[in-house]
Amino acid sequence: MLDRKIESVNVDENGKFTGVTSAGETVKAKRVIGDPSYFGAGKDMEGGGKVRVVETGKVIRAICILKHPIPGTDDADSAQIIIPQNQVGRKNGKLKTPHGLELMVDIYIAAVSASHNVAAKDVWIAEVSTIVETSVPEREILPGLQLLGTVVDK
């Protein structure tokens, strides 16, 4: 449900999250990850008070435009690469949220091309992301960015 206006965040009679409604469609889930603005953080609630959202971590994401497939992928139209956290000296191993959800701090790379109808001919879109551990997040995804070769735009 990326980049969709949220109509409602649904909870049961005990206040436990059950799902999200957008464009008349309700998706049920045990957990949801999203920017606090999607859930009305700081807005006034009926009956007084403000909507409270608990931030448990941040993600750094770079979307890159390439004029070539990722080197070493046999000229693949798409690719998914995971750089294990211990291979690049990341600290946390797993980040545990207050609700028990474990998030890996590996670096993730996903690339797609024109064959997926998401880019012009001879263009690849690559995304590099990880969970932020430091005050310089872009440095944390540098090992992933370096795998991409020449980046036209980021």
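The structure is a predicted model, in which local features require pLDDT of at least 70 and side-chain atom pairs count only at pLDDT 80 or more, whereas totals for chains, interfaces and linings use all residues. Residues are numbered from 1 along each chain as its sequence is written, and side-chain values use heavy atoms, with hydrogens and water left out.

Along the sequence the elements follow the pattern β-β-β-β-β-β-β-β-β-α-α. Of the 154 residues, 27% count as buried, where buried denotes under 20% relative accessible area, exposed over 50% and partly exposed the range in between (1.4 Å probe, protein chains only). The accessible surface of the chain comes to about 10,500 Å², of which carbon and sulfur atoms hold 51%; areas were computed by the Shrake-Rupley method with a 1.4 Å probe, and for residues only the protein chains shown count as cover. Among contacts with a separation of 6 or more, 51% are accounted for by residues 24 or more positions apart, a contact being defined by heavy atoms within 4.5 Å.

Strands β1, β2 and β3 form an open sheet in the order β1-β2-β3, with antiparallel pairing; two strands are taken to pair if DSSP finds at least two bridges between them. The edges of this sheet are β1 (8–11) and β3 (25–28), each of which has a single partner strand, so one side of each lacks a neighbour in the sheet. From one strand to the next the twist averages 25°, with axes given by lines fitted to C-alpha atoms (for helices, over the stretch in contact) and angles running from 0 to 180 degrees between N-to-C directions. Four bridges join β1 to β2 (residues 17–22) in the antiparallel sense. Within this pair, V9 stands opposite V20 and N10 stands opposite G19. The hairpin of β1 and β2 has five residues between the strands, and G15 there takes a positive phi near 85°.

A four-stranded open sheet has the order β4-β9-β8-β5, again with antiparallel pairing. Its edge strands are β4 and β5 (79–83); each has a single partner strand, so one side of each is left without a neighbour in the sheet. The twist averages 15° from one strand to the next. Eight bridges connect β4 and β9 in the antiparallel sense, with I60 opposite T130 of β9. Five antiparallel bridges link β5 and β8, and Q80 has A110 of β8 as its bridge partner.

In a regular strand, side chains alternate between the two faces of the sheet. Neighbours within four places in sequence aside, V128 contacts I60, R61, A62, I107, Y108, I109, I141, G144, L145 and L148.

T130 lies in strand β9 and, because its relative accessibility is 3%, counts as buried. Its side chain reaches the backbone oxygen of D106 at 2.8 Å, within the limit for a polar contact, defined as a pair of N or O atoms within 3.5 Å; within protein, one atom must be able to donate a hydrogen and the other to accept it, and residues adjacent in sequence count only if both atoms are side-chain atoms. Residues up to four places away in sequence not being counted, T130 touches K58, V59, I60, R90, V105, D106, I107, E140 and I141.

K30 is located in the loop between β3 and β4 and counts as exposed because its relative accessibility is 76%. K30 and K16 lie 14 residues apart in sequence, with a C-alpha to C-alpha distance of 9.0 Å.

Notes. Helix = DSSP H or I, 4+ residues; strand = E, 2+ residues; numbered from the N terminus.
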